Each structure stands twice: as C-alpha cells, then as structure tokens.
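Subject: Handing over the structure

Hi there,

Thanks for taking this one on. The sequence and structure come just below, and my notes on what turned up follow them.

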Amino acid sequence: MTFIVKHKFTGHIEFSPGFEPRPKISHVLFDFDGTLSIIREGWPVVMLSMFTEMLPPTSSDQPQLVKQMLFDDMMKLNGKQTIYQMMQFAERVKERGGTPQEPLWYKHEYLRRLEQKIQDRIDGLRSTRIHPDNSLVFGSRPLLETLRRRGMRLYLASGTDEPFVKRESELLGLTEFFGPHIYGAQDDYKTFSKKMVIDRILRENQIPGDKLLAFGDGYVEIQNTKEVGGLAVAVASDEANNGSGKIDQWKRNRLLAVGADIVIPDFRDADALLDTILGT
C-alpha cells in the first residue's frame, strides 16, 4: 500500500516507503542534544580535538585520515552514552601500542573541556541574556506544546550525563513538559540505556511498542524504537545553522540506515507532521 501525504509541508520532509499513520500513538520519547537542545552544539570539535591530541602517533600517520577515523568512531556511537566513545578511543590507543587511561577518565576530561566551551551559553541562559528558544532546535517548543495538548505522555532520554540534561532542560524551560521523566547517562554506564528507558515506558504503561513515537538525531533511539515496533522520526538537524531548514546529510543517511520512518531538519511543520503521523 502506498501512503499519500495529504498535508502541506513548508520545509523538507522525507517518508520511508513503508510509512503508515499510527493513530493510536500515546507516548513520545525525545533525545535531547541535537534533537531539542543545541546548547552543546560543537561537541564533536571538542571531542575530536581531545582525541587527536591524546592519540599516540605512528610513523605512517596521515593526519587527515587519522582525524577521519576518529570522527567516524565518534559519530557511529552518537546517541549512546558518551562513555562508549571513550571506550572506543581507549581501544584505538591500545592498537597503537599505548597505555590508555580508563574510559571514565577520558569522559570526565572531555566533559571538562566541553563545559568550558558552553559556559557562556549556560551563563547567558541563566541571566536571560540568551532567550531559551534560541538554544532549541527550531520549532521545538510549539511541537511539545501541541503534543501535550493532544494528551501525549512525554519522555526525555539522553546519552549526556543526567545532571547536565536536567540542568539544561530547566534552563530551556522544558522540564514542565517531561516532569520526572528525564533520564540521562550515569558514571555506572550499565545502569542506563535508551533501550532500558523504552522498555520501562512500555512496561509501566502496559502499552505495545506501536503506541510509541520517538524523535532523535542519533541512531540508538531510532534503532531501539524500531526494535519494539514504534515509529521513529529522524531529526537530521543542522545544529550550527539552526533554523536553516537544511538536512544534515550524514545524520540522514545514518538514521535511514537503521530504519527511520521519517526524516526532518527541524520542527517547523510540527502540526502537519503530527496530523500525518496520527492520520488526522
């Protein structure tokens, strides 16, 4: 059966061939960084710089190829807890005959450097010098308001450490939408995963997976949602040019490859998107 889109969209949108409306959706899961928040925009530059600095050199190194290898390692794990990127980096150090630090050490050092990069953004939000909506992916708040108005239960799960997710959710004025359902990474990484959050949503609410809708810019939340039969929207956001309406092609290709049902650049067409998803 071929699905015909009847609603008018003002921006780019892409539906997978197998897309069908889900009128029974009742629960919605969001990733945080890159999906709603852009406070941490530029994190790959910080992580790549640290990895390049700390990777033991070899005589055959070609700097651009080394950087590309490290970048690919990072982005393939984007959406998972940060510790997994650090574990992968530790393996790269071993491959080159080095003795790596513990992955948790690398994570804390990366977070220290990233905190320096975003400190002005945090201070600006705290002082109201920066309006919260300027640090949200374009159209985020109207989408959340519409979902709440339609009676949806909203959940937030992030690969970023939970204290930072809760801090930044509060600064952006998002806590009211999610209440106690804000989850993030832990130093004991085995106690948290997005899959665990999804399983908990289904179990505690006694709903089947096809009632779950997820929005994310990392492969993990897309893949985990599809595994339980949910509908997954890939937010291929261009974080550096928020509001441009342009698709990040790397995100698009990666997220379609793990089964995304829909690809969008941001939430400019929130109402039409939800009407299409719900078949209304």
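First, a term: on a 1 Å grid over the protein atoms alone, a cavity is a set of points where a 1.4 Å probe fits but cannot get out, and its lining residues have an atom within 4 Å of a point. Grid points are joined across faces, edges and corners, and a volume is the space filled by probe spheres set on the points. Please keep in mind that this is a predicted model, in which local features need pLDDT of at least 70 and side-chain atom pairs count only at pLDDT 80 or more, while totals for chains, interfaces and linings use all residues. Residues are numbered from 1 along each chain as its sequence is written, and side-chain values use heavy atoms, with hydrogens and water left out.

**Cavities**

The rule gives four cavities of 30 Å³ or more. The largest cavity holds about 270 Å³ of space. It is lined by 23 residues, and D33, W43, N78, T82 and T160 are the closest to its centre. At least two lining residues come from each of α1, α3, α4 and β3 (helices are DSSP runs of H or I, at least four residues, and strands are runs of E, at least two, numbered from the N terminus). Strand β3 supplies the largest share, four residues. By class, this lining has five nonpolar, 10 polar and eight charged residues (Ala, Val, Leu, Ile, Met, Phe, Trp, Tyr, Cys and Pro count as nonpolar, Asp, Glu, Lys and Arg as charged, and the others, Gly among them, as polar).

The second largest cavity has about 60 Å³ of space. Among the residues lining it are G11, H12, I13, I264 and P265. Its lining divides into six nonpolar, two polar and three charged residues.

**Pockets**

A pocket, by contrast, is an open set of points with protein on both sides within 12 Å along at least five of seven lines. The largest pocket has a volume of about 270 Å³. Of its 15 lining residues, P44, M75, E239, D248 and K251 are the closest to the centre. Helix α1 gives the most to this lining, with three residues.

The second largest pocket has a volume of about 190 Å³. Its lining has 17 residues, with K80, Y84, S193, K194 and V220 nearest the centre. Two or more of them come from each of β3 (153-161), α8 (194-205) and α9 (219-227), and α9 provides the largest share, four residues.

**Helices α8 and α9**

How do these two helices pack? The angle between α8 and α9 is about 40 degrees, and their axes are 9 Å apart (axes are lines fitted to C-alpha atoms, for helices over the stretch in contact, and angles run from 0 to 180 degrees between N-to-C directions). In α8, K194, K195 and I198 meet V220, E221, N224 and T225 of α9; contact means heavy atoms within 4.5 Å. That contact is made up of two nonpolar, two polar and three charged residues.

**Two single residues**

Leaving out residues up to four places away in sequence, Q85 touches W43, M47, F51, M74, L77 and N78. H108, in helix α4, is partly exposed, as its relative accessible area is 38%.

Happy exploring!

Note on methods:
Buried < 20%, exposed > 50% of the residue type's maximum accessible area, 1.4 Å probe, protein only.
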